[in-house]
Structure formats: structure tokens, C-alpha cells
Amino acid sequence: MIHKWAIAAAVTGVTVVGTLAAPAQAITLGEIGNGFLDVGDKRFSNFQCALSTSDMALLVPNSCEEIKINTIENSPFGIDIQGPFSVTNFASPDTEFLETLISFDVEALDPTKAIDSINLAFNGAFAGNGKASVKETARVDGTIVAELMVSNPYEGGSDLQDPALEGEDFDLATPYKKLNITKEIRVEAEAGGSAEISSIVQTYDQIEVPEPGTIGGLLAVGSLGVGSILKQLKQKK
């Protein structure tokens, strides 16, 4: 499977998009820039990122450009957002944190298919009074169609220090060709605590949907059938 990425470059006022084979190693957000990633039957594009931090903690990463994106080569295809996203609070009485906001569009490339399920997993770990979480929101034309969250520790008092990959799946009520995804990646810690995320796995399942024009054709055929039946009934009368 060949994965592609594209870079838009201005040449004498004209935007030229070139497509290259993606290297085996992860690609940083800085390298993707305004381009896109084609991964199997999905396209990931329009990447945006912002960091929000407290003042005193030891934080990683220092900028969005350092964040890496790796491709998931098996179906369901997707991406692995790689950190580390980490915070360490040595002695501050305040809760220290790093919050990373990443958004992107994901689109089913096959015209006969649409996305019907979102799969989210991460390997958040903590020590002491630390916490790692990822909150995800999926939108279509600005309307929220799904919200997911993974967290360690969980709301129930989980005490795992180094958990295996944990995940949560969300089946969409309606399949969509394209989704806008926003991730709130947060690590926080009180005095003596720390938290870290090194992998956030994102995949999408898809199903067959009628091609544009097919539904209209089926409705037209159905209308003709109903009209024929009504005509026969009138003739019998």
C-alpha cells in the first residue's frame, strides 16, 4: 500500500500541488503544512494545531510543528498522532497542564462508500496526581455528530500506571462522506505528579452507499411502477 502526501507551493502566483510517496517514518505537522495525507481509502487534510500551557511545568512538545503523524496501513485505515505529550509538576501548588488542539478533515475517497464509525484509542499514562485524556468532536457542516473521550485515570478511580492501549468506538447514526475532527489532547498534573501520551490512534470504518443519481433512479423506477399499477386498476373499473 502506497501512502501519499502533498505540499502546496506558490510558483509565480499559481498554486501547484505535487504528490509524493510518503516516507516510512512519521511526518511532522510542520512538514505536512497545507498539504494532505492519502492513507488507503481515506484522505486527511486541513490540519490545524494550537498549544495552551501553564507557566511552571516541564512540558513537551514545545510547538505544533514537532508533533508527528504516522499512517496506519491496515484497514480500517487511519493515522497515529505521536507525541510525547507530557507534563511534569515538581512542586507547584497549581495544576500544571499542556493542552493541544488538533483539527483535520477526513474523507472517504471511494465514491460508493461513506464513514459510519469512528475509532479512538490512546496510551495515556500517569504517575501520582496526573491525568491524561483525549476528547474528540466530529462535525459535519458545523453540526456535532459525535463526541468521544478516552482518559487515564478513568472517572471511576482507575489506578493504572501504564495502561495498554485503551479505546472507545462510536457508530454514527448516519454515514458521512467527510467529517471535521477536533481533538483536545490534555495532560495535567498536581504537585509531584506527571502524565504522558505517546500515541493516539485514529481509524474510521466505512460502508457501501448508493452513488449519486442511483437513489433518484430508483425513485423514478418506483414511481413508474406505482403509476402502472394505478393505470391497470382504473382500466379494470
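1. Terms and basis. Buried means under 20% relative accessible area, exposed means over 50%, and partly exposed covers the range in between, with a 1.4 Å probe and protein chains only. The model is predicted, so local features need pLDDT of at least 70 and side-chain atom pairs count only at pLDDT 80 or more, while totals for chains, interfaces and linings use all residues. Residues are numbered from 1 along each chain as its sequence is written, and side-chain values use heavy atoms, with hydrogens and water left out.

2. Asp 38. At 5% relative accessibility, Asp 38 counts as buried. Asp 38 belongs to strand β4 (residues 36-39); helices (H or I, at least four residues) and strands (E, at least two) are DSSP runs, numbered from the N terminus. The Asp 38 side chain makes a polar contact with the side chain of Arg 43 at 2.6 Å. A polar contact is a pair of N or O atoms within 3.5 Å; within protein, one must be able to donate a hydrogen and the other to accept it, and residues adjacent in sequence count only if both atoms are side-chain atoms.

3. Arg 43. Arg 43 and Asp 38 also form a salt bridge, with the closest N and O atoms 2.6 Å apart. The rule for a salt bridge is a side-chain nitrogen of Lys or Arg within 4 Å of a carboxyl oxygen of Asp or Glu. The charged end of Arg 43 sits over the ring of Phe 36, 4.0 Å from the ring centre. This label applies if NZ of Lys or CZ of Arg is within 6 Å of the ring centre and within 35 degrees of the ring normal.

4. Other salt bridges. The count comes to five salt bridges. One of them joins Lys 42 to Asp 41, with the closest N and O atoms 2.8 Å apart; Lys 42 is buried, at a relative accessible area of 1%. Another joins Lys 183 to Glu 136, where the closest N and O atoms are 2.4 Å apart. Lys 183 lies in strand β15 (residues 178-189) and Glu 136 in strand β12 (residues 130-140), so this pair ties together parts that are 47 residues apart in sequence. Lys 183 and Glu 136 are both buried.

5. Aromatic groups. The structure holds three aromatic pairs. The rings of Phe 47 and Phe 104 have their centres 5.5 Å apart and their planes at 35°, so this pair is tilted. Rings of Phe, Tyr and Trp (its six-membered ring) pair if their centres lie within 6.5 Å; planes under 30 degrees apart count as stacked, over 60 as edge-to-face and the rest as tilted. Phe 47 lies in strand β5 (residues 42-53) and Phe 104 in strand β9 (residues 96-108), so the pair ties together parts 57 residues apart in sequence. Both Phe 47 and Phe 104 are buried. One aromatic cluster is formed by Phe 44, Phe 47, Phe 104 and Tyr 204.

6. Gly 130 is in strand β12 and is buried, with a relative accessible area of 8%. Not counting residues up to four places away in sequence, Gly 130 touches Pro 153, Glu 188, Ala 189, Ser 194 and Ala 195; contact means heavy atoms within 4.5 Å. Gly 130 and Val 87 are 43 residues apart in sequence and 8.5 Å apart in space, C-alpha to C-alpha. Asn 152, in strand β13 (residues 143-152), is buried with a relative accessible area of 0%. The Asn 152 side chain reaches the backbone oxygen of Gly 124 at 2.9 Å.

7. Strand β16. Strand β10 (residues 113-122) has nine of its 10 residues buried, so β10 is largely enclosed by the rest of the structure. β10 pairs with strand β16 (residues 194-208) in the antiparallel sense over nine bridges; two strands pair if DSSP finds at least two bridges between them. Within β16, Val 201 stands opposite Ala 121 and Ile 200 stands opposite Phe 122. Strand β8 (residues 78-88) also runs antiparallel to β16, joined by nine bridges, and Asp 80 has Val 201 as its bridge partner in β16. Strand β11 (residues 125-127) is joined to β16 by three bridges, again antiparallel. Here Phe 126 stands opposite Ala 195 in β16.
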